[in-house]
Amino acid sequence: MEFPKLWVRSEPFDFALVQSPPSQRLTYQALRKLITAVRSKSHSSDLLSFPLWRSFAVNRLQVAEELAWAYFESYHTLTEQSAACRRQWSEQFTQCRTDEEQDSLHRLVKVSLPKFLLFLVLQMSANMSLRSLSSQDVAPGSRGPPLQSATPKVTEEFLQIQFLLKELPQVLSLLAAPDSFGGGASGLADMSMTDTSVEALAFLLEGTSDGRSVVPLSDIAHLQSQMSLNGYSKITRAFSVAKFQSWVSSLLGTNPYGVDACIAKRRLHIAGNSPLPGPHVRPLVIGKTATNRAYAPKSHRLLLFSQVSGQTLVRDSADVGGCGIIVKRCHHTTIYLLAPLRFVRVERCRGVTLVLGVVQNFVKLSHCQDVKVYTVAQQLHVSDCSDSTLYMSTPCRPLLLYGNRNLTLAPYSTFYPRLQEDMAAVGLTGKLDRWDSPVCSAAATAAAAPAASGTGFNFAAGNAGVSSGMAFSSPTATSGFNFAGAGVASPAGTAAAGASGGMFAN
């Protein structure tokens, strides 16, 4: 028996933002001009080359050239390329000796135009201010996400659904077939949409047809019972855009494996390591964690830490392997997660040390103070953080968004037994490491405080040693961050590299 249901994929909303605030010139009208440019200058109307995007971004959107490539990097991370593709790219890039050779390699890269358009629409969401939307913005007739209490608590998932429903007519008009493109949402009744466009929508939407397995949007759209509802014609092999919009709105609901459902279904107390007894020991505040590991598919597993204070927590692969991690509102706590992770979000934390295993996609820090993070990750985003130190290895340039003050960037030098094996599994080789080449958006540069003076770094008691005074000069030094030397002490409780640094020392 088929009971189809759709929900919003949260990861594109959580990690897509490249520039904050995004260019005011990034509008639906601009995106339609990009479509026209691709169709007139490219051999394939479904592929966007980097040279064409760079020209469009720099000249029409007035985006900095280095940010133009940051858009491509973030998009590729969100599309979760295979480990083989990531290794191949790293090997090719490390062979480039000059900026000209790197640029030549960039010029070869192409992306799916329909998916990249959706990625750009998510950039626009910052301009449209998600939190200003009200429940009246939900499309008429849609079921929308149910609220959990009499006093509604507006969650991120609720806002994401509202945004998508509000923008769906414009989004579908962007993806409409060229011969039916009408330049706006008013002509949806006459527009059609190909299978390629529906497959692209899987970037934002997924669902289930049986209540158990997660399947792409296109699989649900082609169910025999759904074709008459979404306007699919077997003769033209296309969907009616107007009917498809109504169909999506009627099926869209909350994610059964998302953060809201995870919190509602399973809430646990954390038993932290006990402190040594003494008259001056601060009492432990037991926080909470929620997980869907017991019932969620492997690609949708989550582990949430919330309001943990004054504890040291250790979790291994058996507990967190393959999970997405969310650490929120934690204070004066050390967390070890030495396992392969899907992504990590750290929000509104203070005095927290995170020692992470290999992160397949993004590590994102926002609204944090006095935080230390040790990680090997595909990409790292930081916004509105202060007095924090990031020890990292990443093949992508770290992206520093708005409001950062006094950040310190340093190379990753911690070791644990499965590090190299975990890196190989997600396509990270360690040969391409761009931890010291951050990209700062114009907003980040304007909002950041001047860099602190000095090159030495002090570590709390229990860490072995102090980093060297080696400094890296950088044209972005005024953006409110410093560079530490390679000799970085490793956190207690891990097998670590010595004072001389080196990711794979043991």
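Helices (H or I, at least four residues) and strands (E, at least two) are DSSP runs, numbered from the N terminus. The model is predicted: local features need pLDDT of at least 70 and side-chain atom pairs count only at pLDDT 80 or more, while totals for chains, interfaces and linings use all residues. Residues are numbered from 1 along each chain as its sequence is written, and side-chain values use heavy atoms, with hydrogens and water left out.

**View A. Two loop arginines with positive phi.** Arginine 329 lies in the loop between strand E13 (324–328) and strand E14 (334–337). Its phi is positive, about 55°, although the residue is not a glycine. Arginine 329 is partly exposed at 41% relative accessibility; buried means under 20% relative accessible area, exposed over 50%, and partly exposed in between (1.4 Å probe, protein chains only). Arginine 348 is placed in the loop between strand E15 (343–347) and strand E16 (353–366). The phi of arginine 348, also a residue other than glycine, is positive and near 50°. With a relative accessible area of 41%, arginine 348 counts as partly exposed.

**View B. The nonpolar cores.** A nonpolar core is a set of buried Ala, Val, Leu, Ile, Met, Phe, Trp, Tyr and Cys residues joined through side-chain atoms within 4.5 Å. The largest one has 81 residues, and those with the most contacts inside it are Leu48, Trp53, Phe116, Phe119 and Phe244. Leaving out residues up to four places away in sequence, phenylalanine 244 touches Leu172, Met193, Val198, Leu201, Leu217, Ala221, Asn230 and Phe239; contact means heavy atoms within 4.5 Å. A second, separate core has 36 residues, including Ile325, Ile335, Leu354 and Val363.

**View C. Packing of helices H5 and H6.** Helix H5 (residues 83–94) packs on helix H6 (residues 99–106) at an angle of about 150°, the axes being 10 Å apart. This angle makes H5 roughly antiparallel to H6; angles under 35 degrees count as roughly parallel, over 145 as roughly antiparallel, 65 to 115 as roughly perpendicular and the rest as oblique. Axes are lines fitted to C-alpha atoms, for helices over the stretch in contact, and angles run from 0 to 180 degrees between N-to-C directions. On the H5 side the meeting residues are Trp89, Gln92 and Phe93, and on the H6 side Gln102, Leu105 and His106.

View D. Cysteine 262 is in no disulfide; the nearest cysteine sulfur, that of cysteine 323, is 9.1 Å away. Cysteine 262 is buried, at 0% relative accessible area. For cysteine 385, the closest cysteine sulfur belongs to cysteine 368 and lies 4.5 Å away, too far for a bond. Cysteine 385 is buried as well, with 0% relative accessibility.

View E. Alanine 296 sits in the loop between strand E10 (288–291) and strand E11 (302–306) and is buried, with a relative accessible area of 7%. Apart from its neighbours within four places in sequence, alanine 296 contacts Tyr257 and Arg301. From C-alpha to C-alpha, alanine 296 and cysteine 262 are 9.4 Å apart in space, and they are 34 residues apart in sequence. Threonine 389 is found in strand E18 (residues 386–393) and counts as buried at 12% relative accessibility. Not counting residues up to four places away in sequence, threonine 389 touches Val371, Lys372, Val373 and Thr408.

Conventions:
Disulfide = S-S within 2.5 Å.
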